[in-house]
Amino acid sequence: MACILCATDSFSKIGEKRGFTIVKCTGCGFVYTTPLPREEELIKATQKKASNFKPHVSISRKIRYHFFASRIKRLFPQHDRIRLLEIGCNHGNFLSAIKSDKKFVATGIDLNSAALQYARSQGLNVLEGTLESHNFSSKSFDVVVALHVIEHLHDPLRTMTEINRLLSEGGMLITIVPCVTHIKARLAGIKWKYFGPPSHLWYFSPKTFALLLEKTGFAPVYSSCFYNRAHLKTIARKGQM
């Protein structure tokens, strides 16, 4: 499979996991899974996990979500209301943290029906399905949050382009993805915990995630993987396609 970021069709092999091969593009250095599972298989795998759903969130995570919400509000100082969409909202930990904040008009979307049933029982506005299946109107949201989502997508270019369409002018995308160039990833090699196809398909570095942003019409505002965990955290502003 050719690289989705630079179209180079040559790569070096990193290793094998669960019947899949993880490779590194010789053109841009993007690390990805090949062969790519069918999208229907990925959706079924996600829905199968729904039977194991157990709602739980720690006090420390709740505190982090409140700080996260405060940071989002600082990005929109002129807005009376912030229209927010969380992709991969699960049972609504983050949405619950901002539920009582009148600054936010929040919507969540996920594939996990059991998690969404719980989220609805908490009074949250959540939808089941993929982002593309709901055909939101253009410029429907001011900020889209996707925490540990992009690495699971069947077609990141398609979904990121759709996110761009949904954002208002000057809208923001906030993401977290595993960082393949983090020291923990380098030391672990093929045993790195995030090398986990077919759940995890794409493995970004700061360089390759910047390429994804550029190809889908975003300009990075902040991006860093200098954290204890092997995470790349990014804030990007909608630009021109």
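How exposed is R158? Partly: its relative accessibility is 33%. Keep in mind that this is a predicted model.

R158 belongs to helix α5, residues 156-166, and E39 to helix α1, residues 39-48, so the pair ties together parts that are 119 residues apart in sequence.

Next, K73 and D101. Their side chains form a salt bridge, again quoted N to O, at 2.7 Å. This pair links distant parts of the chain. K73 sits in helix α2, and D101 in the loop between α3 and β5; they are 28 residues apart. K73 is partly exposed, at 27% relative accessible area.

Now a local one. R165 forms a salt bridge with E162, with the closest N and O atoms 2.7 Å apart. Both residues lie in helix α5. They are 3 residues apart, about one turn of the helix. Look at the accessibility of the two partners. R165 is partly exposed at 27%. E162 has a relative accessible area of 14%; the cut-off for buried is under 20%, so E162 is buried.

One more item on charges. R38, E40 and E41 are linked in a network of salt bridges.

Helix α2 covers residues 59-75, which is 17 residues. From first C-alpha to last, the helix reaches 25 Å. The expected value is 24 Å at 1.5 Å a residue, so to speak close to what the model shows.

Which residues of α2 are buried? They are Y65, F68, A69 and I72. Viewed down the helix axis, the buried residues fall within an arc of 105°, so they line one face of α2. On the other side, I59, F67 and R74 are exposed.

What does the buried face pack against? The partners are β4 (82-87), α3 (93-98), β5 (104-110), β7 (141-147) and β8 (167-178).

Take β4 from that list. Of its 6 residues, 5 are buried, so β4 is largely enclosed by the rest of the structure. Strands β4 and β5 run parallel, joined by 6 bridges. Within that pairing, I87 stands opposite I109 in β5. How does the chain get from β4 to β5? The path goes through α3, and this β-α-β crossover is right-handed.

β4 also pairs with β7. That pairing is parallel too, over 3 bridges. Here E86 stands opposite V145 in β7.

Now β8, through one glycine. G171 is in strand β8. With a relative accessible area of 0%, G171 is buried. G171 and V144 are 27 residues apart in sequence, but their C-alpha atoms are 8.2 Å apart in space. What does G171 touch, leaving aside neighbours within four places in sequence? The contacts are D142, A236, R237 and K238.

Last topic: the antiparallel sheet. In general, strands of a sheet pair through backbone hydrogen bonds, either parallel or antiparallel. This sheet is open and has 4 strands, in the order β1-β2-β3-β9, with antiparallel pairing. Which strands stand at the edges? They are β1 (11-17) and β9 (202-203). Each has a single partner strand, so one side of each is left without a neighbour in the sheet.

For β9, that partner is worth a look. Strand β3, residues 31-34, joins β9 through 2 bridges, and the two run antiparallel. Y32 stands opposite W202 in β9.

To recap. One face of α2 is lined by buried residues. And β4 pairs in parallel with β5 and with β7. That's the tour.

Technical notes:
Residues numbered from 1 in each chain as written. Predicted model: local features only at pLDDT ≥ 70, side-chain atom pairs only at ≥ 80, totals over all residues. Heavy atoms only, no water. Expected span 1.5 Å × (residues − 1). Buried < 20%, exposed > 50% of the residue type's maximum accessible area, 1.4 Å probe, protein only. Arc of directions from axis to C-beta. Contact = heavy atoms within 4.5 Å. Pairing = 2+ DSSP bridges. Right-handed = clockwise from strand over helix to strand, strands pointing away. Salt bridge = Lys/Arg side-chain N within 4 Å of Asp/Glu carboxyl O.
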